[in-house]
Amino acid sequence: MFANFAVPDFFPAAPEIFLLAMTCVILLLDLTVKSPRRTLTFALTQATLLGCALLTLFLFILRGIASQEFVANYTFSNMFVDDGLADFLKLLTYFTVMATLFYSRRYIEDRQAIPKGEYYVLALFATLGMMVMISANHFLTIYLGLELLSLALYATVALNRTSATATEAAMKYFVLGALASGMLLYGMSMLYGATHGALEIGAVAEQLRSAHEMGSVDKTALVFGLVFIVAGLAFKLGVVPFHMWLPDVYHGAPTSVTLLIAAAPKLAAFAMTVRLLVGGLLDLSADWCAMLMLLAVLSMAVGNMVAIMQTNIKRMLAYSAISHMGFMLLGLAAGVSVADKPLGLMAAYSASMFYVVTYVLTTLAAFGLVMLLAREGFESDRLDDFKGLNKRSPWFAAMMMILMLSMAGIPFFVGFFAKFAVLRAVVDSGHYWLAIAAVLFSLIGAFYYLRVIKIMYFDEPEADNAQPITACFFTKALVSANSLAVAAIGLFPNLLLGICNASLLDVLPRI
Amino acid sequence: MEFKTLIFYALAAILIFAALRVITARNPVHAVLHLILAFFTAAGIWLLLQAEFLALALVMVYIGAVMVLFLFVVMMLDISVDVVKQGFWRHLPLGVIIGLVVAAEMGLVLGGWTDAGLPEVAASASNTRDLGALLVREYVYPFELTAAILLMAIVAAVALTFRGKKPGSRNSNPADQIRVKAADRMRIVKMQPEIDLPVVAVEVPVETASGAKE
């Protein structure tokens with residue numbers, strides 16, 4: 001039985017292998033670093049992520065040379081896939097994590113209690129988890145990638161050991177996250193039974209299709225499993241009614257960790273949702289479509305309403321994240337209803353993807369700014385801390401204004417086009433009431449984004465918080481570039497929309 | 001009824017009893033012992049399913065290593081169960097209801113299940129060998145990912161619990177202890193020989209008995 005053994009093709013997984021190897025190297029080298037600033041560890045971490053980006057780009061070009069259609073590469077017994085979606089989302093993930101670490105460098109330096117070396121290593125492990133999730137083509141690898149990501153994040157939330165709120169947040173995140181993982185796994189095991197032992201995403205889809213054609217579908221077990229899977233996904237995306245962990249974790253964690261949780265993992269969660277629901281379970285779409293619509297409407301309602309009452313900007317952004325994820329789900333739900341119109345299907349999914357990508361870009365800059373304003377012994381996370389920001393630094397007040405306007409969906413910033421694309425897909429699918437609800441809740445949401453602008457421009461700074469902003473030039477430049485990108489992409493949205501469209505080609509069913 | 005079915009029901013009954021005792025036992029040591037019984041019985045059920053490798057792994061790894069360690073910890077920590085179990089009876093009805101609902105839902109689903117029975121395997125098939133081959137061939141990617149997760153868990157556990165050297169602790173560095181030479185331990189000091197001074201008689205005033213009386 002061992003005669004036909006073939007060594008798997010490691011090449012498509014080169015970025016993952018490189019990242020894991022470098023993580024081990026950094027872990028060892030960090031032992032010799034004496035400086036409390038950990039410059040070597042930090043530089044190596046950034047270099048590793050850059051190396052991964054180059055490798056992914058190289059793989060993408062090679063696939064282009066091999067065939068005009070950029071055929072996806074499968075390896076490790078089809079458990080791993082390297083396709084357009086994987087390449088694009090992985091590149092975005094690297095740059096998001098790189099920016100996250102740049103922004104958080106000074107923040108964690110100012111806080112003695114956070115162990116620096118471990119922070120970078122755990123961030124790399126989390127990145128590896130995201131990459132595995134993005135490239136997963138098998139229920140097992142999706143689950144393992146998710147665990148790698150989640151466990152690393154639980155630990156980083158608790159890294160600041162002197163803070164009681166951080167410990168509490170980590171505990172909540174851990175318990176609820178473990179519950180969600182359990183649900184997801186349980187759902188997967190039900191599907192495993194119902195599809196006669198299929199775990200590979202393509203095989204599951206094949207099984208469902210053939211069972212559908214033969215008319216011998218045992219719907220009960222399938223839907224039973226599906227409910228658990230959707231619940232698990234909803235936990236990870238943080239949509240209502242599975243959102244309880246989000247505000248506490250965003251608030252309790254150190255801001256650098258909040259950014260690590262808030263930005264890049266959303267990309268991985270999107271990839272996981274698309275691969276599971278669209279790639280694997282499209283034949284059950286009639287069932288999960290209704291669930292997603294319900295989750296979306298509830299999230300937009302709760303997220304936008306509760307955000308109005310917040311006095312802490314991290315909590316406010318957490319509720320804003322809930323409503324944004326709800327909006328993103330609208331696109332996924334809308335795509336299915338237009339399944340007879342292939343172009344509509346494509347437009348709906350790429351609109352969702354565009355939404356996630358632009359949301360990650362905006363939230364990255366927003367938390368980056370919060371960290372820029374923080375200093376030793378001062379978190380700058382209350383809304384009151386933004387009072388009179390215009391007097392302290394007109395430039396960064398303008399940057400924050402761009403971000404808030406974009407999140408609110410004011411025209412000619414990127415957030416507007418993201419909302420517009422999703423709404424168009426929803427209208428195309430014929431669910432007018434969904435579109436109306438989405439617009440109404442976005443209007444309500446605009447209030448709290450605009451309030452931040454009012455606080456920055458029309459209120460006087462608090463007495464103990466009136467000094468100008470001090471930070472290294474590079475961080476300031478990066479935050480500015482990030483915020484300006486939000487404005488610039490708003491001028492040319494079709495470019496990014498086109499890339500989203502092209503990268504989804506491999507995942508969607510052959511039309 | 002087949003003999004195997006009889007054994008299954010016997011094992012299942014013991015398993016459920018042991019699992020119940022784990023959460024109801026007053027003494028934490030008894031709870032751990034019942035957990036060991038539960039694991040052992042589960043291993044028996046696996047043997048019935050012809051999964052001898054998993055059964056042995058459960059006995060050796062879980063009972064042999066993990067549970068023994070657990071027992072040590074429980075004995076050393078001296079946990080007060082009454083505090084942990086506060087509200088157990090108060091929350092019990094809700095827990096039972098939720099458990100029953102879950103069981104009923106699963107029953108509804110499994111009711112329509114057609115049991116295909118176990119696939120026939122050749123008597124010579126070794127599932128240790130099969131599992132090993134599967135792990136390093138088809139499932140090598142998840143296997144390596146699991147290794148990465150364990151490594152990450154170690155890093156996280158150390159980062160969360162290691163608080164550095166405490167100030168004022170009397171830890172000694174083993175490397176320094178090994179590197180020490182005889183010269184470091186004993187110092188020979190040159191000094192003038194000490195000369196005993198001649199003893200000078202000192203007049204000690206003697207109190208007279210009469211003086212004490214006055």
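**Figure 1. Two helices side by side: α2(A) and α3(A).** A helix axis here is a line fitted to the C-alpha atoms over the stretch in contact, and the angle between two axes runs from 0 to 180 degrees between N-to-C directions. With that in hand, take a look at this predicted model. Helix α2 (residues 39-66) of chain A packs against helix α3 (residues 84-109) of chain A at an angle of about 165 degrees. Their axes sit 10 Å apart. Angles over 145 degrees count as roughly antiparallel, so that's the label for α2(A) and α3(A). Their crossing is left-handed.

**Figure 2. Who touches whom between α2(A) and α3(A).** Zoom in on the side of α2(A) that meets α3(A), and you'll find residues including A:F42, A:L49, A:L50, A:L57 and A:R63. Over on α3(A), their partners in the contact include A:D87, A:L91, A:Y94, A:F95 and A:R105. Sort the contact residues by class and you get 14 nonpolar, 5 polar and 4 charged.

**Figure 3. The largest cavity.** The largest cavity has about 200 Å³ of space in it. Its lining takes in 17 residues, and A:L149, A:Y173, A:K236, A:W245 and A:P265 lie nearest the centre.

**Figure 4. What lines the largest cavity.** Which elements give two or more residues to the lining of the largest cavity? In chain A, they're α5 (139-157), α6 (164-194), α8 (219-237) and α11 (264-280). As for class, the lining residues split into 13 nonpolar, 2 polar and 2 charged.

Methods:
Residues are numbered from 1 along each chain as its sequence is written. Chains are lettered from A and ligands numbered from 1 in the order in which they are written. This is a predicted model: local features need pLDDT of at least 70, side-chain atom pairs count only at pLDDT 80 or more; totals for chains, interfaces and linings use all residues. Side-chain values use heavy atoms; hydrogens and water are left out. On a 1 Å grid over the protein atoms alone, a cavity is a set of points where a 1.4 Å probe fits but cannot get out, and a pocket is an open set with protein on both sides within 12 Å along at least five of seven lines; lining residues have an atom within 4 Å of a point. Grid points are joined across faces, edges and corners, and a volume is the space filled by probe spheres set on the points. Helices (H or I, at least four residues) and strands (E, at least two) are DSSP runs, numbered from the N terminus. Ala, Val, Leu, Ile, Met, Phe, Trp, Tyr, Cys and Pro count as nonpolar, Asp, Glu, Lys and Arg as charged, and the others, Gly among them, as polar. Angles under 35 degrees count as roughly parallel, over 145 as roughly antiparallel, 65 to 115 as roughly perpendicular and the rest as oblique. A crossing is left-handed if the near helix is turned anticlockwise from the far one by less than a right angle, and right-handed if clockwise. Contact means heavy atoms within 4.5 Å.
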